[in-house]
Amino acid sequence: MSAMILDGKAFAARLRGEIAGHVAKLKETHGLTPGLAVVLVGEDPASQVYVRSKGKMTVEVGMASFEHRLDVDASEVELLALIQKLNADPQVHGILVQLPLPPQMNADLVINAIDPAKDVDGFHISNVGLLGTGQKSMVPCTPLGCLMMLRDHLGDLSGMNAVVVGRSNIVGKPMAQLLLGDSCTVTIAHSRTRDLAEVCRRADILVAAVGRPQMIPGDWVKPGATVIDVGINRIDEGAGKSRLVGDVEFDSAAQVAGAITPVPGGVGPMTIACLLANTVTASCRAHGLPEPVGLTA
Ligand code: NDP
């Protein structure tokens, strides 16, 4: 193996430490406690795990955590009323509605009901537009975490060829916008892309956000490239066992790449740390205070 392993777990722990420092200072100097409200509708087991760990880490960095649970049969009107209440609550600086929502709810409508200034997931159409036009916005957490790792490892990204495989609204598209913002030459690949292998081989920075286990082998990776594997896929190992893998075939890619994120322990931990970072940023903006450096794009 020749690639450097980009340890997202350690990076995220460091970032949470910095966030805790900023939170302590905000409390001490301004009597301000950043607050994050997480709304969970229904009892999806994976969502419950995410919500629990978000709540735990919010409290660990000294912020206020507000958890709201609605029944799986709750109406859209009920959820919208809760969002209005949270929009108006001065103790709440960030609102996250855990996705997916049950079928009776329209996720776009719900997300766009959140006050854009409190939209710490960065999914509100106003934030999407602000990011797309290079203006100050709330940046989606997973791409923000990827960008932080890339800048940390590579420094200045300008002029690099970046290929993002995947064009979802939550990962692929905002990732591409952020890389463009850092003056990369960006290609977005997707399921209709012709000769994906060749496209990937041109990448100095290769971001995989597809959701297909190990679909990118080492011989699609340019020697020395930096590979960011966003995919989280559970594969069956037989005998009742399973394990998590990314969208990149780690062992072969690590022979060729200059640096690579592992799965688990790469991008995943950065996502929650960036959610906390966005909440601190939102609380500072809400109070007209200077934003701590290094917490946003
Ligand atoms: P989506 O399913 O929304 O998007 C997947 C994208 O991959 C689509 O744009 C699709 O193209 C493209 N795609 C599918 N098959 C191929 C193929 N054969 N070749 C090229 N492109 C293909 O997924 P998400 O963006 O939400 O998530 C992607 C992965 O990232 C998942 O594994 C998810 O679990 C993980 N994830 C991890 C997070 C973390 O914190 N680490 C956070 C969020 C997601 P098309 O548009 O043409 O259909």
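Predicted model: local features only at pLDDT ≥ 70, side-chain atom pairs only at ≥ 80, totals over all residues.
## Helix α7

Which residues of α7 are buried? They are G172, P174, M175, A176, L178 and L179. The cover over these buried residues includes the helices α5 and α6 together with the strands β5, β6 and β7. Just after α7, the backbone at S183 adopts a positive phi of about 65 degrees.

## Three-stranded sheet

An open sheet of three strands is also present, with the order β3-β2-β4 and parallel pairing. Its edge positions belong to β3 (64–70) and β4 (94–97); each has a single partner strand, so one side of each has no neighbour in the sheet. With direction ignored, neighbouring strands here are turned against each other by 15 degrees on average.

Strand β2 (residues 35–41) pairs with β4 in the parallel sense, and four bridges connect the two. L36 stands opposite G94, a residue of β4. Helix α2 (residues 45–60) packs on this sheet and touches β2, β3 and β4. The direction of α2 makes about 160 degrees with that of β3.

## Domain assignment

The domain assignment of the protein lists domain 1 as 31–116 and domain 2 as 141–269. The C-alpha centres of domain 1 and domain 2 are 29 Å apart.

## Contact of α1 with α6

How do the directions of α1 and α6 relate, and at what angle do their axes cross? The axes of helix α1 (residues 8–30) and α6 come within 11 Å of each other and cross at roughly 100 degrees. The two helices are therefore roughly perpendicular, since angles of 65 to 115 degrees count as such.

On the α1 side, the residues that meet α6 are G8, F11, R14 and L15. Their counterparts in α6 are M148, M149 and D152. Sorted by class, this contact has four nonpolar residues, one polar residue and two charged residues.

## S137 in the α5–α6 loop

S137 sits in the loop between α5 (125–132) and α6 (141–154). Is S137 buried or exposed? S137 has a relative accessible area of 6%, and therefore counts as buried, the limit being under 20%.

Apart from neighbours within four places in sequence, the contacts of S137 are N127, L130, L131 and R285.

How values were computed. Residues numbered from 1 in each chain as written. Heavy atoms only, no water. Buried < 20%, exposed > 50% of the residue type's maximum accessible area, 1.4 Å probe, protein only. Contact = heavy atoms within 4.5 Å. Axes fitted to C-alpha atoms, helices over the stretch in contact; angles between N-to-C directions. Parallel < 35°, antiparallel > 145°, perpendicular 65-115°, else oblique. Nonpolar A, V, L, I, M, F, W, Y, C, P; charged D, E, K, R; others polar. Domains from an automatic or database assignment. Pairing = 2+ DSSP bridges.
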